[in-house]
Each structure stands twice: as structure tokens, then as C-alpha cells.
Amino acid sequence: MYSLLDLIKKGRIFQRDQAVTWKCRLCGYVKADTSPPFSCPICECSRIFFEVRVQEF
Ligand SMILES: [Zn+2]
């Protein structure tokens, strides 16, 4: 299991094997995908502002 730091080091923080919900921390836009958009379609911020929203199954 990777820690968050490992994920960042490996550059995999923005790439998931399964679709997850990405949320823009600036405007709240959400998108379900394996990786976040390059920029937010609503506020046009960079993808670095996207965070994974953990979903309950
Ligand atoms: Zn946004």
C-alpha cells in the first residue's frame, strides 16, 4: 500500500486505476474519472486544485 507521499513521488496522485470522484477545491466542480481534467471547466484553475473525494460503497 502506498502512502500519499509515495503517490506524489511516483507522480501517480492524478492517475487512478479506477474512476474516482475529483472535486475542485475552488469552485466545487466534481467529475468522476480516472484522472482529473487538466483545468477546471468552471473556474479554469489548474488540476492541482482537484482532490479525490472518497466515496462510500
Ligand atoms: Zn473549479
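Let me begin with Asp-33, which forms a salt bridge with Lys-31, where the closest N and O atoms are 2.6 Å apart. Please keep in mind that what we are looking at is a predicted model. When the whole structure is searched, one salt bridge is found, and both of its partners are partly exposed, since Asp-33 has a relative accessibility of 26% and Lys-31 has a relative accessible area of 26%.

The largest nonpolar core is made of six residues, namely Val-20, Trp-22, Cys-24, Cys-40, Cys-45 and Phe-50, and strand β1, which covers residues 20-24, supplies the largest share of them with three residues. As background, nonpolar side chains in soluble globular proteins tend to be buried together.

Let us stay with Phe-50, which is buried, with a relative accessible area of 4%. If we set aside its neighbours within four places in sequence, Phe-50 is in contact with several residues, among them Phe-14, Lys-23, Pro-36 and Pro-37. Tyr-29 is also one of these contacts, and that brings me to the rings.

Because Tyr-29 lies in the loop between β1 and β2 while Phe-50 lies in strand β3, the pair ties together parts that are 21 residues apart in sequence.

Notes: Residues are numbered from 1 along each chain as its sequence is written. This is a predicted model: local features need pLDDT of at least 70, side-chain atom pairs count only at pLDDT 80 or more; totals for chains, interfaces and linings use all residues. Side-chain values use heavy atoms; hydrogens and water are left out. A salt bridge is a side-chain nitrogen of Lys or Arg within 4 Å of a carboxyl oxygen of Asp or Glu. Buried means under 20% relative accessible area, exposed over 50%, partly exposed in between (1.4 Å probe, protein chains only). A nonpolar core is a set of buried Ala, Val, Leu, Ile, Met, Phe, Trp, Tyr and Cys residues joined through side-chain atoms within 4.5 Å. Helices (H or I, at least four residues) and strands (E, at least two) are DSSP runs, numbered from the N terminus. Contact means heavy atoms within 4.5 Å.
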